[in-house]
Amino acid sequence: MTEQLSQQRTTQRGDGASHTIMCTEMRSAEHTGMHASTSAATHTSPHVQLRTASHGYANPASNPAANPAANPRLRRARTTIWLILFLVGGIGLAYNALVRPHGMAEVYVERSEKTFVEADIAAPVGAPSGEKASTKWLASDSPALQDGSAIAMAGAAHTLTINETVGVPPRAARERIAAGDSNVSLSIVDTLGVWIAAFFTLAIFSFLWRDNPIYKFAESILVGVSAAYWMTLGYWATLVPNLFAKIAPETIKGWAMPALDVQPADQTTQFLLALVPLILGFMLLMRLSPKGGWISVWPLAFIIGTTAGLKFVAFIEGDLMAQAANTIIPLVALNDTGSMQFGESLGNLVLFVGVLAVLTYFFFSVEHKGRLGTMVGKVSRLGIWYLMITFGAAFGLTVMGRITLLSQRLEFLFGDWLWIIDPANIR
Amino acid sequence: MSTQHTQSSTTVPHGAFIRFLATMDRRWIFLAMMLAVGMPILLKLRPPESPGPLSNATFAAIEHLPAGSRVLLSFDYDPASEGELQPMANAFVHHCASKGHKLAFMALWPLGAQKANETVNTVLKPFHPEYKLGVDYCMLGYKAGNEGVIKVIVTDLLQQYSTDASGTPLGEVPMLKGVSNIQAFDLILNVSAGYPGAKEWAQYATSAYPDAFSLLVGTTGVQSNQLYPYYPTQMKGMLVAIKGAAEYEVLVNAKYGNTPAIVAAQRMMSSREGESASENASGDTPESGVPAILQEGQRRMGPQLIAHLLMVTLIVLGNVVYFATRSKGATR
Amino acid sequence: MLKRTIPLFITGAAGGILILAYFSPATTNWGEVVTDWMNTLAAVAFILGGGNLLFVNLEKISSKRSGWAYALVTLLAFVVTLAFGVLKIGAVPNAQFPATPWAGDYESVRAPFGWVYEYVLSPLTATMFALLAFYVASAAFRAFRAKNIEAILLLGTAFVILLGRTAAAGILTGWISPEGPFAFLRLDTMAVNIMQYVSTAGTRAVMMGIALGIAATSLRLILGIDRSYLVND
């Protein structure tokens, strides 16, 4: 199940189709439960069996007594309850924002100016002959300017002033503002940001009530923003330094990477080697064209071949050989003085037997007849028990993880937004 | 399916409680979960923690490295897992910096680079002001390619990272002088939420070069099951889910939770004379003098306790409904 | 030829070089170069993904298919974020190279792109996954039934892990001495032992099975036996 879940997680990251994820995980969790009750009967496959669940109790949607749509009294009662909940929430929010002395969701910043100067840097004494003097922009308070290893160039063209903004904890900020410090102020942009973050958090939570336009709006934003985020990172973090900088080093150096180390000796080799991913990259983008799609099979074939080559070695080495070696451990564990460690010995035995039993279940599809068959059948059954314990542990840990994510979001709402809690005591 | 359900609920005479449970709107469960997690946060419930074997092994591996060792931190996660992993990342960075190790941050996840920046800004800069960019730590940033990145940098770092994240060539980064590949690092710390992450580090680094690498991992609950088989040969230590984070925080804070630099930083943040940011009168942070950000994991164990009890109760109740309906159905 | 033979050759050559690079140190450099190309293509794939999203949503909007308004929202979010990022709009000047605007830091929270990450992307992704806590709870209530011994093992283990990895372990079984002969009955110890021995055994066997499967699939691809990714015409 864990494999399935993490696969789903990563798939989601890739295509941004996050809407499906919770449903899939819910199904996975349910199916694991189903697997527990059905696999013993079938014994044929280690895979989670995707069967229709028979819950053994009524589905509210199909039960008129429980279905609000079919029962106006129930519908009214529920509407009232949820209305009260929303009202209480709204009143609490208004009280929190307007009446409580400390307010909520405020972000403060300190603005300052930082001056940079362009300076001549002398080549270090005893430096290799290739190392030459250079110029560099340095902060005006840089130690290099004080100790003389860099000399500031004269003229306005060699001086730059930049506005710098840093966050200040709210209480400290309020005290400084009260004391007349004009550099510290409330950041409207960031305060608005906290409100927007809270809105999106609640918008996603609103799906718990039912699918609704606010949730869909938030989900649409998520898909668009995450695709753009990935694209931007792919462009600036990989394509510019690892591809364009090899194709046209001088241009990239002058444009976005002023410190790029251009080695004329390697330039031709680098250029030729970089041409391959450049061409393959263009061919891959042809996938977007309605007619030239087939051209993208070449880069696709390259990606598949490379991935296959990488995975072949890695899985054989790290997951097959190494795991076999990790299993061949002393079944009688001794401590430093040479006496037997009962607990560890038992653990090692449990581990060793377990791996063999599960592998037997996976690979020995002998008919469970005769002495050998019966024995294989029993070992296989033991293997299934091991797997059930493994799935149970995976489920427990998955639940644990999901709850932590929820508590982090509630901490954000109660802390950064509402200011009801203040673990760091800074508000 | 629905026919079956309707039959079971309409033909079997249940008690009112069983009937309520059987037909309950799942939003009541959602509400219960919200309260189970929300109330302990508001009530500041915080149970005690005692470190387990895996957290002890992780702590010891960092602790026993000679001061000033080179450590590569790969932040392979994003905000979706920060609830579990950020406390680990904070504690890893604080522990390493307290030991004086040189830190290089990288990411295999696009948003991991942001998490690395965040950790540097909230932990390294305030609590270790002596750490200088380039000299004591450097930001390598994100690279696309998943396990392909690991595969290349184990033998040639410059092939992937010609410059650091700000554009400085690696040859000009003092702490990376003479480093041609990541085998020059004494330890790899991986904070991992899935693919690519801990599994790939184990496969492409420690399995391929067992003598060259020492790998420690902080991982989410979801994928931890898959990583246990790598311990202790391919991974020297592992922090599992929020419990692992909380345990590790206890170990780190016991030794490095209240250093003079921390006390000074706390004073500045809190601003009130003589009151540090962690000594909250309302009792948010019981460990005196330890910054709240280094106790995040321990704080989250309160909601965790109540929510786990709710989960157990729900499963038990679900089975009560199942057996009640089944046995009554059978007797008819 | 162009649609089948050459792609098959490319797959075989790329995979073959990487396997060869493992066995022969002299060819390690080839492996690095090929992997580096793939990493670059991975970045191109992000652009492909973005382009795809753009076309799909444009098509949805132009044909006014149901939900086209949401497609418009997606498109706007995509275009605005992309402009902030790729054009480095409002990027914070780089302290090393303050005179080079294109070297600026677009990921800082003070830059619009970083702001979008901090206040839009981060809360949205985090909350999306936090939702799963609710669905796991609901699924546990509805689907976990102690129907037979296998299900009981699964449930029992889940209970031990859920209780053993919180303070509930101390409350319920803290009275058992951790040094005594019955220490293994403590819930926290049980959780550790289950993970370290029993669950590890199961996972390890699954991993070995998967490893064999992946190795076989990889070989089929490299040798050209599996050609399912090729264009059928």
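Contact here means that heavy atoms lie within 4.5 Å of each other. In this predicted model, that criterion places S206(A) in contact with N212(A) and Y215(A), once its neighbours within four places in sequence are left aside.

- S206(A) belongs to the loop that runs between α6 (188-205) and α7 of chain A.
- Although S206(A) and K216(A) are 10 residues apart along the chain, their C-alpha atoms are separated by 10.0 Å.

**Helices α7 and α9 of chain A**
- Two packed helices are described by the angle between their axes and by the distance between those axes.
- In chain A, the axes of helix α7 (residues 213-247) and helix α9 (residues 267-285) come within 8 Å and cross at roughly 125°.
- Angles of 65 to 115 degrees count as roughly perpendicular and those over 145 as roughly antiparallel, and α7(A) and α9(A) are therefore oblique to each other.
- The crossing in which α7(A) passes α9(A) is left-handed.
- On the side of α7(A), the residues that take part are L243(A), K246(A) and I247(A), and they meet Q270(A), F271(A), A274(A), L275(A), P277(A) and L278(A) of α9(A).
- The residues of this contact between α7(A) and α9(A) comprise seven nonpolar, one polar and one charged.

**A buried threonine in chain A**
- T327(A) is part of helix α10 of chain A, which covers residues 297-327.
- Buried means under 20% relative accessible area, and T327(A), with a relative accessible area of 5%, is therefore buried.
- Not counting residues up to four places away in sequence, T327(A) touches F352(A) and V355(A), and also R204(C).

**Chain B as a whole**
- The secondary structure of chain B consists of 13 helices and six strands, and 65% of its 332 residues count as buried.
- When contacts in chain B between residues at least 6 apart in sequence are considered, 76% of them join residues at least 24 apart.
- Chain B exposes about 10,500 Å², and carbon and sulfur atoms supply 60% of that area.

**Helix α9 of chain B**
- Helix α9 of chain B, residues 198-206, is mostly covered, with nine of its nine residues buried.
- Among the buried residues of α9(B) are the charged K199(B) and E200(B), as well as W201(B) and Y204(B).

Methods:
Residues are numbered from 1 along each chain as its sequence is written. Chains are lettered from A and ligands numbered from 1 in the order in which they are written. This is a predicted model: local features need pLDDT of at least 70, side-chain atom pairs count only at pLDDT 80 or more; totals for chains, interfaces and linings use all residues. Side-chain values use heavy atoms; hydrogens and water are left out. Helices (H or I, at least four residues) and strands (E, at least two) are DSSP runs, numbered from the N terminus. Buried means under 20% relative accessible area, exposed over 50%, partly exposed in between (1.4 Å probe, protein chains only). Accessible areas come from the Shrake-Rupley method with a 1.4 Å probe; for residues, only the protein chains shown count as cover. Axes are lines fitted to C-alpha atoms, for helices over the stretch in contact, and angles run from 0 to 180 degrees between N-to-C directions. Angles under 35 degrees count as roughly parallel, over 145 as roughly antiparallel, 65 to 115 as roughly perpendicular and the rest as oblique. A crossing is left-handed if the near helix is turned anticlockwise from the far one by less than a right angle, and right-handed if clockwise.
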